[in-house]
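Hi,

Here is the structure I promised to pass on. Please open it first, then read my notes below.

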Amino acid sequence: LAASQVGILKRVAIISAGESTIKMINPKILSKKGIATLEEGCLSVPNKSVNVKRADEIVVSYTDEKDKFCKKTFQGLVARIIQHEVDHLNGKLIIDYLPWIRRFLKRN
């Protein structure tokens, strides 16, 4: 969940994947590797899903909840979730991955 999704205008995201929770302040994706396409849904766009191409592996820098600088590599589903939440922090939604004509038709 990105802070911007709940009206908090801070660059903060909480990623919950399985049994682990990652809290990120000012996350920045430093590098990307590989490509995978999966169907994604989003709480900000209820009842919609979109095929989204994302990197399969990313390196991210961020500050954690204890004010510690972190730089970590993430793969697979966790990498996808982080990219999705960073998109929110940058003002981008899954529907922005649709070709422009499909976005136009979905609005009408």
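Is Ile35 buried or exposed? Ile35 is exposed, because its relative accessible area is 64%. (Buried means under 20% relative accessible area, exposed over 50%, and partly exposed in between, with a 1.4 Å probe and protein chains only.)

A word on the source. This is a predicted model, in which local features need pLDDT of at least 70 and side-chain atom pairs count only at pLDDT 80 or more, while totals for chains, interfaces and linings use all residues. Residues are numbered from 1 along each chain as its sequence is written, and side-chain values use heavy atoms, with hydrogens and water left out.

Back to Ile35. It sits in the loop between strand S2 (20-33) and strand S3 (36-42). (Strands are DSSP runs of E, at least two residues, numbered from the N terminus.) Leaving aside residues up to four places away in sequence, Ile35 touches Lys53, Arg54 and Asp56. (Contact means heavy atoms within 4.5 Å.) Ile94 is 59 residues from Ile35 along the chain, and their C-alpha atoms are 16 Å apart.

Next, Leu1. Leu1 lies in the segment before strand S1 (12-17). Leu1 is partly exposed, since its relative accessible area is 44%.

Now the cysteines. Cys42 counts as buried, at 12% relative accessibility. Cys70 also counts as buried, at 7%. How many disulfides are there? The count comes to 0, where a disulfide is a pair of cysteine sulfur atoms within 2.5 Å.

Best wishes

Notes: Helix = DSSP H or I, 4+ residues; strand = E, 2+ residues; numbered from the N terminus.
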